[in-house]
Amino acid sequence: MTTARPTPEALFEHAEFLSRLATGLLGDEHAAADVVQDAYVAALERPPADAAGLRGWLARVVQNRAFNARRSDARRRDHEAYVARGANDGSRDDAFERLEVQRKLLATVLALDEPRRTVLYLRYYEDLSPTAIAARLDLPVKTVKSRLARGLATLRERLDADVDGGRDVWLSALAPIAMGGSASVGNPAASAAAKTTTGILGGMAMKEVLLGGAALVAIVLGWQLASESGGAHEPPRELDAANDRLALPVERDGAESIASVAPIAPTAAREALVPEARVAPPQATGTLRFHLVRADGTNVSGMHVLLVPADGIEERKQLHRATTDAKGDASFANLLAGDVRIYLASGHTDHDRTVAPGETTAFEWRLPTTEAVRGRVVDDTGAPVADAEVWLSGHPLRWPYAMLGARTDASGAFDLIDLDPGARIGARASGRLPSIVYEVGELGAGAGGVRDASLVLGARGGGIRGRVLDPGGAPVAGALVHAGEAGGYNHDGPGGRQGTWPEPVPVATDANGAFELPGGYEVRVPLHAQAHGYPTWSGRIDVPASGTTEVEIRLADGAIVEGVVTDAEGRSVSGARVICATELKGGWYEHAFPAPAALTEDDGTYRLELVPPGLQDLNARGLENASGRAYRQVPCKSGEVVRVDFTLDTRPHVSGHVVGVLGNALVGWRVSCQPAGPHFGRAYPRQVFTDASGAFLLPNVGEFPVEVSVYAPNEWAPARATATIDPGTEGVELIADDSVHEQGSIEGVVLDEDGVAPRDATLAIYSAENPKTGFFVDFDPQTGHFLHGPIDVGGYTLVVTRATGTALVGEPTRVETDRVSDAGVLQLEPLGRIELTLTGFAEEMLERVPLSLDRPFCNTEHLEFERGLFVSPPIVAGEWQLSTRESELFLRLQSVHVVSNEIAQVEAAIRLAMELLLELEFADDDWDDVTIVARDDAGVELARQVWFPAHFRTPGTQVKLQLPLGTAHISAATNNGLRANADFEIGDLALWRTPQVIRLE
């Protein structure tokens, strides 16, 4: 049975994209490599069920891992900045400096030559469009636009020359005007400076000049106002935590108020306001009813239900909730006609039912085999937590699809039944950080098959409560609010059980617009709110470690963006996707709520509604990957319509044909590319399929040479042809091996220690020729039987993993031509452990030594220092290799044999070490790989590395060897017979960080 789940090779297809994403988020290649490795481990241990969403799933894991790594640094910076502001508040001096630069801007405008001064005044102070200015001055529109562009260029040049410090200084000074006068919510110094500036400038006349000039300042800062079509782009880097204030909604003048966060006045001082009815045009509605039963036919009562329209803009605006009654029935009336999707708190999902206008749609929903969970919620000291909330989500989708499943009793206990094995479960309690989230099917089984869950809450944190108001100040009932970082990435919980870091969960406002968020929060918390009929509100607030922060969220009316998407030849593009969101890289976006998005009609037109006011990123992409991309950055205002046209552009691209060994066109073959050699991770990976003539076009490949690979249909590895090609190359002919490979199948049975099928396990098969080549294998959840094929003839290894890591590495099995090979019974055994005694190092320093264990097909395991010993987590039986990650220490690789259900006692010696840097030179370039070996005086191998040409494409590339102090004999050899030998005295200061040249001849 061939699985539809992604293969490991498919996971590795996205390596460059993930590396670039992680590096962009962290700014550090080494930290980024760790994050990408974590994403691979997560995917191989618990892969996404749907391969179609693989890249987004991997991007989310990498992104959230990176956010977590950055969060501690961000908190520290925010705290230091806050303390610095309190100790030495220079806001008034800063305000006067900004005032001086702003005065120079106004003076520079007045000093412009005619006619540029007039057109700038009419455009940005009287807010006339270029067409209106042309009519008033009796000029062609093209002339007006030319004078505007030249005038703005002159302003920038003169400010560069007149302001001490140049562009960096005047950009900083003008930003508060462009942002509407407020630099940051929760930034007292910046807020005080803005108020001081406004007070000094005071008076109605000056206020009108400044407010009218805000648009001009935005243009001077380099922001586009024109709506000509844009082309392909490299999207802006995401703001780091220190610059988050620039992305905050800010308060503008009068009715143009965008959004704000401010302390709530005492309840007694406020008048309860009744929300104004938002009148909508009459639309066709219908009713949906269903009867919920278990597999045995008994009714499921008390089940929380969430219904979400599955298409159109309403998907993110209208959520409907209900609970099944004693008979297992649930009903939703007055639903807008169309497709809907139903989610149960148990984690089950029913996809795309259709609500017919004026009719009642009814059906029976019979749940498949379900799980029960009995658990406790405790705090970080182990004490039970009463009245804690246990939240459930049925899939890896982001909230607001999470639902409250239960509350704990006085002993911290809870019970849940009828759960989907894929449901995710986590706990929250007021004043504490939430627990790690676990998948139900990966929890340990207790008595009677009931899953056992111990949910441990985090440290104490502050609370958040507040109100959501509409633009007129009336409370908004039913708005969804959440706070906290994105979460969703893999994380080890107490006891080593791996789960995911909790994602934020929403709460709905009451009739007075009030809300209180569950759980505790930390300093500088992202806060989001969404209400039907309004754009998503987003900001950040400072939350103390204890107590409750009160906030008021003022929603804004949305803007509308509409236009046309065309291709490079000017033809309308149907089905192109336009989205209002900042691209994180590679076409993926991070949202608190789904961003405004639309598909173009047959004539290429689109319309985005409920667009947040302010400067917005707009991205367009063709339905077909080869159509290209486009990007625009556009200022939007509440209640106004902005026209933005896009021209899709594939440049830079690579195009050509794929042919077989006899010159025949290969149709439907997959062609992918990734950055080549030292450019790894610096451009987007791309993938397309050849057309009826064997032609392909890889769009928007980036600026660097790319490695293009060709794969046979429905085959993910190995590549049938590869070539390194410069971007912009056209007419490439790739000759691929189109021969038919001999194939067979493999079958067997996988069982746990008790002889039953392990429902919490994952099975994968790896090729002996290339351990990176593998496939996920489905097995029968009742019997454990699997049948996988057809696959190429050769040797294979079967690997079973669980949430705790690798559970079994099977014996190699040979697949023969046109036969079903029997892999036998793969029966899991209890795991073993290692206890290591380390010698050769001062005892008080031992706990600082980082030690790791590695084995093919297994995750790297790290040893913890406990009671004078290094102790491993439970690991699968077999041979493991011991190593250290510290560059100044050397631990000779040792083979450690682990036995099932036993503790292996190991002793190892460690020595001081130093890195030797080698720079290789070659007599010719006709080689494919080079092997470098280091040995000591006794001939014992100290290190071995194999390097490939991609590592040597730029001069000065260095090979690093970590070697112990003493004499090291180095030998290097290429596959075509080039050789070199050299001896070095490791520890000689002359070698310290100085590359040693070795020439292979």
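A salt bridge is a side-chain nitrogen of Lys or Arg within 4 Å of a carboxyl oxygen of Asp or Glu. The structure is a predicted model, in which local features need pLDDT of at least 70 and side-chain atom pairs count only at pLDDT 80 or more, while totals for chains, interfaces and linings use all residues. Residues are numbered from 1 along each chain as its sequence is written, and side-chain values use heavy atoms, with hydrogens and water left out.

The structure holds 22 salt bridges. One of them joins the side chains of Asp 387 and Arg 407, at 3.8 Å from N to O. Strands here (E, at least two residues), like helices (H or I, at least four residues), are DSSP runs numbered from the N terminus. Arg 407 is partly exposed, with a relative accessible area of 44%. The classes are set with a 1.4 Å probe on protein chains only: buried means under 20% relative accessible area, exposed means over 50%, and partly exposed lies in between.

Another salt bridge pairs Arg 374 with Asp 415, and their closest N and O atoms are 3.0 Å apart. This pair links distant parts of the chain, with Arg 374 in strand β9 (residues 371–378) and Asp 415 in strand β12 (residues 413–419), 41 residues apart. Arg 374 has a relative accessible area of 47% and is partly exposed.

Elsewhere, salt bridges that share partners join Asp 379, Asp 380 and Arg 432 into one network.

Strand β26 also contains Gly 563. At 4% relative accessibility, Gly 563 counts as buried. What does Gly 563 touch, not counting residues up to four places away in sequence? Its contacts (heavy atoms within 4.5 Å) are Gly 604, Thr 605, Tyr 606, Arg 643, Val 644 and Asp 645. Of these, Arg 643 is 80 residues from Gly 563 in sequence, yet the two are 5.2 Å apart in space, C-alpha to C-alpha.
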